[in-house]
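Hi,

Here is the model I promised to pass on. Have a look at it first, and my notes follow below.

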Amino acid sequence: MAKKILSIIISVFILAGFSTLAYAETADSGEDVIINAENKVLVKDVDYTLEYKDNINPGTATVIIHFIGNYSGQTEQCFNISRKRINSGGSSHGSVSANNNAGAKNSDINDVSPHITSIKDDTDKNTAEHHSYIDGYEDGTFKPDDNMTRAEAAAIFARLIADEKGESISGKSAFSDVDKNGWYSDYIGYLAKYHIIEGYEDGTFRPDASVTRAEFVAMSVRYYALFNEVKKSEYAIKYTDVNKGYWAYDDIAFAKSIGWLNGYADGSFRGDNNITRAEAVTVVNHATLRVPDKEYIDKNESTLNKFTDLKNNAHWGYYSIIESANTHKAVVSSDSETWVK
């Protein structure tokens with residue numbers, strides 16, 4: 001059987017606590033990587049051997065992969081080792097990541113491109129903790145079809161930002177109608193500091209007024225822009241009732257472009273209509289890359305926070321609401337998450 005000549009693209013993840021396995025003379029030094037080629041996992045000491053020229057601690061290290069058995073060639077790459085922050089809308093999880101910084105030295109290597117990742121805890125790098133960001137009412141209800149108030153919207157985004165930044169929620173606003181003793185005072189003051197909310201021309205915020213669909217989308221985009229690059233002017237929309245002169249046109253176009261929301265069957269967006277509580281959490285889940293794990297929720301209903309007016313999935317927003325109201329750990333991908341709570 002002809003030996004296969006491999007080209008290598010390396011992305012190594014080495015978990016904290018295993019740096020002592022980094023020396024070439026250590027018998028199990030290769031257990032912190034896995035090499036995939038041709039849709040299968042290569043076997044250490046059968047398909048390849050590893051040589052570490054330097055100790056892998058925070059700093060720089062060189063890893064040499066020698067292919068053997070049915071494979072031939074070798075590759076040498078230099079890595080910068082640094083602590084990596086893993087986050088998806090929740091708190092971070094530390095690991096040590098080794099990223100190719102100095103290029104590769106390849107010898108007789110081409111065709112197949114293996115990928116090297118951790119096998120110590122392969123799920124950790126994709127794990128996020130999603131904290132709950134919305135509450136129900138004192139009577140145990142959620143009222144999914146009720147309009148969301150501007151104060152309730154402020155509370156959502158304040159919790160999300162504070163969670164992401166590791167801050168306490170506090171602040172004072174200059175709005176004339178925000179009672180400093182009101183339950184919403186700190187939330188509104190905190191958001192005003194980050195320019196997530198804007199008041200009206202008369203200097204009011206109107207905390208108890210319903211928030212409109214356009215207002216909520218604008219808040220969502222401003223929140224998102226705190227942590228991500230947003231180029232709103234690059235996008236256009238064709239809603240029949242939203243022209244380029246509409247105050248929230250750019251925000252709505254951006255949110256539409258990345259899949260946060262949809263319009264109505266008649267081609268309208270109805271930005272001045274009020275947004276319901278179920279609709280609001282659905283937008284937030286999209287903006288924070290949260291996808292309800294329906295199977296887990298169905299199997300664990302008795303242990304989850306739930307509401308007297310949402311006893312099952314009969315309501316279209318049920319899963320999104322459970323996602324938003326329950327803190328949980330999840331293994332995440334681009335379009336799904338698996339709860340591991």
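A term to start with: pLDDT is the predictor's confidence in each residue, on a scale from 0 to 100. This is a predicted model, in which local features need pLDDT of at least 70 and side-chain atom pairs count only at pLDDT 80 or more, while totals for chains, interfaces and linings use all residues. Residues are numbered from 1 along each chain as its sequence is written, and side-chain values use heavy atoms, with hydrogens and water left out.

The average pLDDT of the chain is 75, and 68% of the residues reach at least 70. Over residues 3-32 pLDDT stays under 50, and the model has 106 contacts (heavy atoms within 4.5 Å) beyond four places in sequence for them. Where pLDDT is low, the predicted coordinates should not be read in detail.

Now the helices (DSSP runs of H or I, at least four residues, numbered from the N terminus, as are strands: E, at least two). Helix α3 (residues 213-225) packs against helix α4 (residues 249-257) at about 70°, with the axes 9 Å apart (lines fitted to C-alpha atoms over the stretch in contact; angles run from 0 to 180 degrees between N-to-C directions). On the α3 side, the contact residues include Val-217 and Tyr-224, and on the α4 side, Ile-252 and Phe-254.

There is also an open sheet of three strands, ordered β11-β12-β13 with antiparallel pairing (two strands pair if DSSP finds at least two bridges between them). β11 (127-130) and β13 (337-339) are at the edges with a single partner strand each, so one side of each has no neighbour in the sheet. Three bridges join β12 (residues 328-332) to β13, where Glu-337 is the bridge partner of Val-332.

Best wishes
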